[in-house]
Amino acid sequence: MQTPARQTASIDTIWNAVRDGFIAEFGEATFNNWIAPLALTELDSHQACISTPTRFTKEWVRIHYPEALLGLIQQQIPAIQRIDLRVAQKPATTENVVSAEDAGINTAPTAAPTAPAEHALLSVIGQRLDPRFTFDHFVSAESNQLACAVAQKVANAETPIAGLNPLFIYGGVGLGKTHLLHAIGHHINATQPHKRVVYLSSEKFMYQFVQALRDKDIMAFKEMFRSVDVLMIDDIQFICGKAGTQEEFFHTFNALVDSGKQLILSADRSPTDMEGMEERIRSRLGGGMVADIADTTLALRRGILASKVKQMNVTMPAEVLDFLAEKITSNVRELEGALNKVVAHTEFTGRSFSVENTQTILCDLLRASEKTISIDDIKQQVAEHYQLKIADMNSARRARHIARPRQIAMYLCKQLTTHSFPEIGRRFGGKDHTTILHAVRRVEELQAVEPEIASDIKTLAAAIKRG
Ligand code: ADP
Ligand code: MG
């Protein structure tokens, strides 16, 4: 590519003509925002290189004006077929070629090849939605009913409903916040495809913000976010305490909500519990709808498992599902993980689904979730139940009203903890491990013949597990 003086002069002439043409077509304001900072740097036989000051400007121009620019250049030099947009002084990696053949839409690597221009833009600032996270795949029960209902209401609304904007969903880890946000996105994309929906994590929001600051490109940053119809930011607790991002976040969301756009946020805690968040932001957040997702219940876990096995096209005996729902109580993510592990192992080994096999497969996980039960907890609960003193648990007294509960406590320690017979013996006032072994056998026999003892033990075990 030669750039002698004659060509340089002609580049200027050509570029001035393109600029004039752009102003005539789009007006001064748009020109000043997007085209004025550009420069035509090189021309070869069929490609024009244009430099842009920042990444945002490049993306914006690439998505909004590729055909307009190419057309205007072709009016000057008909042979030009493509535009090569480059961020000034950041060659190679940021390079992007716009060709006439694909109608000027050169999609970002993450965008689908057929995505319309706007949606390609959104893929620049947003993140993809997980195709599995739909309303159909979301099991609703008491603990998440409100959050699920308002999410559906927001997803179905044509314009934001007063009182549901912003929508703030909060709850512990692995309880379905991200799932609900994605479900809203899928639903709007399917039913109102003209709407521009952007989902992103607060980390990505901060990253973009910092990059825009570094590129001195805050104007384009704002313009991008404010051109969105539905903005969802996940896990905004990470924005707390980050003054600059928090400020920009606040302005962005005020601008959106005030101009009738829907904002949806999630966090692991309620707005009032958000330390390090400015008061005015907190109160604005609380001004819309705040819905929490509570810890799962047994019924919900059971329902989720049933729905997952159906999706996986797997038939699993009810008692295995019951077992999993009862044992894996921390959150839905762990529950899913456990189910996947059981299914994978069973398929791999060719064994059948059974509680016993499940126990073997998940032994580490189950042990971890039971680790929290201690011998002291058990002694205390049993003593309380039989109105004894904790000291009675450690004594050697043989009176039946004391000895029997003590044996039950020993039995429960064997069932509910991973401690060995000798260790349990030590913790019951320094008894021999055979005493414990004897107690466990005795209680097993008693349970078989005395329904009252069996039911006592069941109640106690449940109470101990609850803590
Ligand atoms: P969070 O964002 O609250 O940490 P996620 O939305 O990532 O949690 O959920 C963790 C996993 O549990 C995901 O795979 C999700 O599909 C699943 N999940 C959570 N809640 C439900 C539910 N009510 N019904 C079906 N799946 C759920
Ligand atoms: Mg999440």
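Which side chain has an N or O atom 2.8 Å from an oxygen atom of ligand 1? It's Thr178. This is a predicted model, where local features need pLDDT of at least 70 and side-chain atom pairs count only at pLDDT 80 or more, while totals for chains, interfaces and linings use all residues. Residues are numbered from 1 along each chain as written, chains are lettered from A and ligands numbered from 1 in written order, and side-chain values use heavy atoms, leaving out hydrogens and water.

View 1. A polar contact here is a pair of N or O atoms within 3.5 Å.

**View 2. The shell around ligand 1.** Helices H7 (177-191), H12 (298-312) and H14 (332-349) each give two or more residues to the shell; helices are DSSP runs of H or I, at least four residues, numbered from the N terminus. Of the 18 residues around the ligand (a heavy atom within 4 Å), Val139, Gly174, Thr178, His179 and Glu336 come nearest. By class, the shell has 7 nonpolar, 7 polar (Gly counts here) and 4 charged residues (Asp, Glu, Lys or Arg).

**View 3. Helices H17 and H22.** The axes of H17 (375-385) and H22 (451-466), lines fitted to C-alpha atoms over the stretch in contact, come within 10 Å and cross at roughly 135°, on a scale of 0 to 180 degrees between N-to-C directions.

Note on methods: Polar contact = N/O pair within 3.5 Å; in protein donor to acceptor, adjacent residues only side chain to side chain.
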